[in-house]
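User: I'd like to go through a model with you, beginning with a single site and then moving out to the chain as a whole. Could you take me through it?

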Amino acid sequence: MIVTLLFWNDADHRNLIIPLEHPNPEDIIMDKKEQVAKEALSFIVQGNVVGLGSGTTASQFIKILGKSGLKDKIVGVATSLNSDKLAREVGLRTVDIDSVDWIDVTVDGADEVDKDLNILKGGGGHLTREKKVRNKSKNYVIIVSDEKIVTRLAEKFPIPVEVLPFGHKTTLKELESIGMSCKFREDFITDNGNMICDCKPLEKFDLQNLHFRMKEIAGVVETGLFLGGEKTVLVSNGEKVEVLK
Ligand code: 5RP
């Protein structure tokens, strides 16, 4: 924590020393996450089937939805076991994805968003369920703090890839053979019983091409590249929320 001392004179011209605490950077980011989560509530109406994302930002949204007047008027489809548990804890009803014909709106977080609104997801390891829920959604709303906006995807963050345990070392070698440096996430098993391999491209790459080449490898379940598709991205800089489409 950073502490600043503010020197001040009181009415009697005595020196006062007032310690001022600078907010913790993590608290600032959490405030931004809360701000976009609140904004996302305006996309939900009574009777909606709502896709519930995963991660800290999406969790804020789930909590806000649980406190709202819409709580008993919507049903949720969770993108992870954690989100499902949280949703039920805050009083939301959740249903299985297969029990609905479509999802009206999904609200989810992201790890990176580029200028064309391509998205990198899967920091929490829930990318396959997140993509399955996105694919069934009429409206897709991504909520992020402004640190998540990047020039190119996978610049800072590796691409998470969900991989079957069977032959996983071979799958890693095959992923590396297309020009990436890959590493399995230690002590991590997805909700689907699989592994997550974090892959860093070694040079500039075409997003679509890379995604398709990864998907051609037997044993790759899904990649964290969420490319194209209609979406709304809400970005908070702490002061205001910008809407990108
Ligand atoms: C989980 C995800 C999350 O949405 C992503 O990692 C962002 O998380 P956070 O809101 O905690 O920054 O894709 O698989």
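**A lysine and its surroundings**

Analyst: K121 is buried, with a relative accessible area of 2%, where buried means under 20% relative accessible area with a 1.4 Å probe and protein chains only. This is a predicted model, in which local features need pLDDT of at least 70 and side-chain atom pairs count only at pLDDT 80 or more, while totals for chains, interfaces and linings use all residues. Residues are numbered from 1 along each chain as its sequence is written, and side-chain values use heavy atoms, with hydrogens and water left out.

User: Where does K121 lie?

Analyst: K121 sits in the loop between β7 (119-120) and α4 (127-135); strands (E, at least two residues) and helices (H or I, at least four) are DSSP runs numbered from the N terminus.

User: And what does the side chain of K121 reach?

Analyst: The K121 side chain reaches the backbone oxygen of G109 at 2.8 Å, and a polar contact of 3.3 Å joins it to the side chain of E130, a polar contact being a pair of N or O atoms within 3.5 Å, of which, within protein, one must be able to donate a hydrogen and the other to accept it, and residues adjacent in sequence count only if both atoms are side-chain atoms.

User: Switching to the whole chain, how many helices and strands are there?

Analyst: The chain has 6 helices and 15 strands, and its C-alpha trace spans about 80 × 45 × 35 Å along the principal axes. Buried residues make up 47% of its 245 residues.

Methods. Buried < 20%, exposed > 50% of the residue type's maximum accessible area, 1.4 Å probe, protein only.
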